Amino acid sequence: MLFEIVLNGLLLGGLYTLMGTGFSLQWGISGIINLAYGGMMVLGGYIAFALHRFINLQPIISTIPAAIVLFFFGLLVYNYLLRPTIKKGSFFVTVIMTFAVELVIENFMLLVWASDYRIITSPYSSIGFDIAGFHLPLIKALIFGLSMLCVFLVYWFMNKTKTGKSIQASALNPAGARFIGINVEKMYMYNFGIGCAIAAVAGALASNINAFSVVLTGGLLGKVFVITVLGGLGNIWGAALGGITLGLVESIGTITVGPEYNEAVGLIVMVIVLVFRPRGLIGKKFWDV
Amino acid sequence: MLLVLFLVLIVLPFILSGYWIRLITMVFMFAVIAKSIDLMMGYLGYVPFGNVVFFGLGAYSAGIGMSHGLPFIVAMLLGILVSAVVCILFGTPVLRLRGHYFAVASIGLNGALMAIALNATGLTGGAMGIIFPVISLPPDMINKVFYFSMMLLMLLAIGINVLIIRSRIGFAIRSIKSNEDAARSLGVNTTFYKTATWVISASLTSIAGAVYGYWMSYISTVDVFNVMVSVTSILMVLLGGVGTILGPILGAGIFQVLSEVIWSQFLELHSGILGVITILVILFLPRGVLTGLREMFQARALSRKAVKTNE
Amino acid sequence: MSKLLLEAKEISVHFGALKAVEKVSFDIRQGELIGFIGPNGAGKTTTINLLTGVYRKSYGQVLFQGNDITAITPNQVARLGIARTFQITKPLVGMSVEENVMAGALFGTAGRNLSVKAARQKAAECLDLTGMNEKRDFPVSKLTVPDRKRLELARSLATDPTLLLLDEVMAGLRPKEIDESLELIKTINEKMNITILFIEHVMRAVMSISQRIIVLNTGQKIAEGNPKEISENPQVIEAYLGRKYMERRSTDGE
């Protein structure tokens, strides 16, 4: 029984880590609390769903176009909406701007898909393994694996490629980065786009096991806050720690107090962490691994 | 000129229909919420995205209190007490941190309390909400009563605002916003003043929540702990002018009217249009309508002067 | 000898592995005018931060008028009567010059009893003393650097301090302004009876008005004495000019 709880928690944690990574990237490097993150995740889910429905694209493969669409969407949003706002006003006005974007995304989704719940069912939805007397659905393992793969790709990109390192440099020392010829603004823009793409992938993957709808965006945003606060900002390890912790907490919560309380438990944990250790478990300032 | 406006407002409920009276009452209510938020945002520099939590606490305290037989005023005061306690418990550690954390934490606070209200079914009725005692008055009397109640509350908020600006607490708040280290080196107990400001902000919002509950006769967690309420209130502050006395009120007015128009004409595009308007306001009127207008007049006056001297 | 005002007993603060200030001890007596010098990075500002409670984690003990103030917060320190200026000035942006000084009056030692009106009065006195009266309605953003320093001084005076800690108030001033500043510091010390510890790099200023000088280098106190003693102290010379210079001096003879 314990094994099942822990395993479920870890599998969920993988997805949560991916979720947290994108949000944390945007906050830690581009300095933006993206209130549209929840909406972007669900949008990613819808795109994957639509592709699966209409051109029968394998659900796992469909995460790629979802990511691409949201990447470019993120670039546009950053370039035309966020950058001018950052220049003009305070940090909070920028956050409101992301809220406005969220409103538009939500309305768009409402128009196209209404608020019905959707879920992607695919050939592998029903395959499972039996391990130690517990049934492990293949799809959950796949999602965990893909999430981890994605996180690893991001890590590799940020630390081993020129663009990735430029992005980090722009965050750590914008003046210095400019001095050596890095277009800092562009880096922030790419970073934001990547964060949006990650949101889309997370949403698209999640849509395979969870029913989703526009209604869920607030709750998803809340979860992502919890993950980020728990683990600390701007840090893959932080997102991982936060993600896995939340996964475990929810897994335990589902068994002990019931699934309806899950959101409350997560939020309460976040509030407690904020009060006693606001930097999160391993909060560092920037994208530091 | 303000006096004229004031007199007009007093006379209005006797000429307008119930729909308009209720609309204006809503404007007053949002004006109060917006002003409370501006106290934190415009003067202290901390943006409480989750301030709606006090609206909810006020509404629920009033509801629970009244269902146990307490008179409204007492139940409302109970709401203020609960809100103040939450501010002190939560604010003292979290206000020590930078604004970012406070903003996010306040959303978390609201979410947590909403979840608790939702689940503590014995106390709060859970998802079914709370029903307030019925007021035995004819409907248009009720409209008028709440119109004037909310208006009174708004005047109270304005009064508190003016008092604060001119007083020592006003200096404390402004110096904290300007340069917290310097303020501290001068002897300002920053944690105390930040928390105190939040308590005032919370109390006003809490009263608004209590009155709202009594007015609507029914509340549920989804309405009164709705983060949209505080976020749109922040928008109203931005729209009308941050850190000004009348700005938030103006913003509330414009926003509510716009919202009603959009709701009635373009129901399906409601949130989308709101989003687009927000985007436009932020991009083109970043300091709000009031400040924008003021600057426009100043610019025109200056150019007129220039023309005159050239002649 | 006059009363002991402040005692610093082996105060230290570490930033990670860096021992920014290490076991520094000194006393300040009522009415003294003490210069606080040392090469850049010696830890002078850090010491002032230590005394005023800026760091949460520090070692050693600080006594003020006999009371242990090691663990108290900066605003409590200010309330007790220790005021300080900042090396890089921190004016209250968005408020006028007058309002800046009023803030000092309202929250300083006597602040609790002052009305806003009385605070305005006190601010006027401090502005007069520092020659900033004409600019009292100026927004802070309009001030030149010397004016900002004067504002910082006026503001800290408004808190009615017993002990004033100045951090490089003369940096960037022209010779005439330095002379004015010196006069002002002497006036504050002698006429207003405020004890002063001032960090300064302008040597002629320190030498001319200090009664006593404390010297810091790489976080440790290396010398203490009157101006003449300090100017002849080999360790001080070495700290500023380097060991090679010292050696050259001794082989060349005086």
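Reader: In what order do the 6 strands of the open sheet in chain C stand, and what is the pairing?

Author: Strands of a sheet pair through backbone hydrogen bonds, either parallel or antiparallel. In this predicted model, local features need pLDDT of at least 70 and side-chain atom pairs count only at pLDDT 80 or more, while totals for chains, interfaces and linings use all residues. Residues are numbered from 1 along each chain as its sequence is written, with chains lettered from A and ligands numbered from 1 in the order in which they are written. The open sheet of chain C has the order S6-S7-S8-S3-S9-S10, and its pairing is mixed. Strands (E, at least two residues) and helices (H or I, at least four) are DSSP runs, numbered from the N terminus, and two strands pair if DSSP finds at least two bridges between them.

Reader: Which are the edge strands?

Author: Strand S6 (82-84) and strand S10 (220-225) of chain C each pair on one side only. From one strand to the next, the twist averages 20°.

Reader: How many bridges join S3 to S8 in chain C, and which residue stands opposite C:Phe36?

Author: Strand S3 (residues 33-37) and strand S8 (residues 195-199) of chain C run parallel and are joined by 4 bridges. C:Ile199 in S8(C) is the residue opposite C:Phe36.

Reader: Which helix lies across S9 and S10 of chain C?

Author: Helix H9 (residues 234-241) of chain C does, running at about 130° to S10(C). Axes are lines fitted to C-alpha atoms, for helices over the stretch in contact, and angles run from 0 to 180 degrees between N-to-C directions.

Reader: What domains does the assignment give for chain C?

Author: Domain bounds come from an automatic or database domain assignment. Here domain 1 comprises 1-81 + 162-254, and domain 2 comprises 90-161. Their centres, taken over C-alpha atoms, are separated by 25 Å. The contact takes 13 residues from domain 1 of chain C and 11 residues from domain 2 of chain C; two residues are in contact if their C-beta atoms, placed from the backbone, lie within 7 Å. On the domain 1 side, H6(C) gives the most, with 3 residues.

Reader: How many residues does the contact take from chain A and from chain B?

Author: The contact takes 33 residues from chain A and 33 residues from chain B. H4(A) gives the most to the chain A side, with 13 residues. That side divides into 25 nonpolar, 4 polar and 4 charged residues. Ala, Val, Leu, Ile, Met, Phe, Trp, Tyr, Cys and Pro count as nonpolar, Asp, Glu, Lys and Arg as charged, and the others, Gly among them, as polar.
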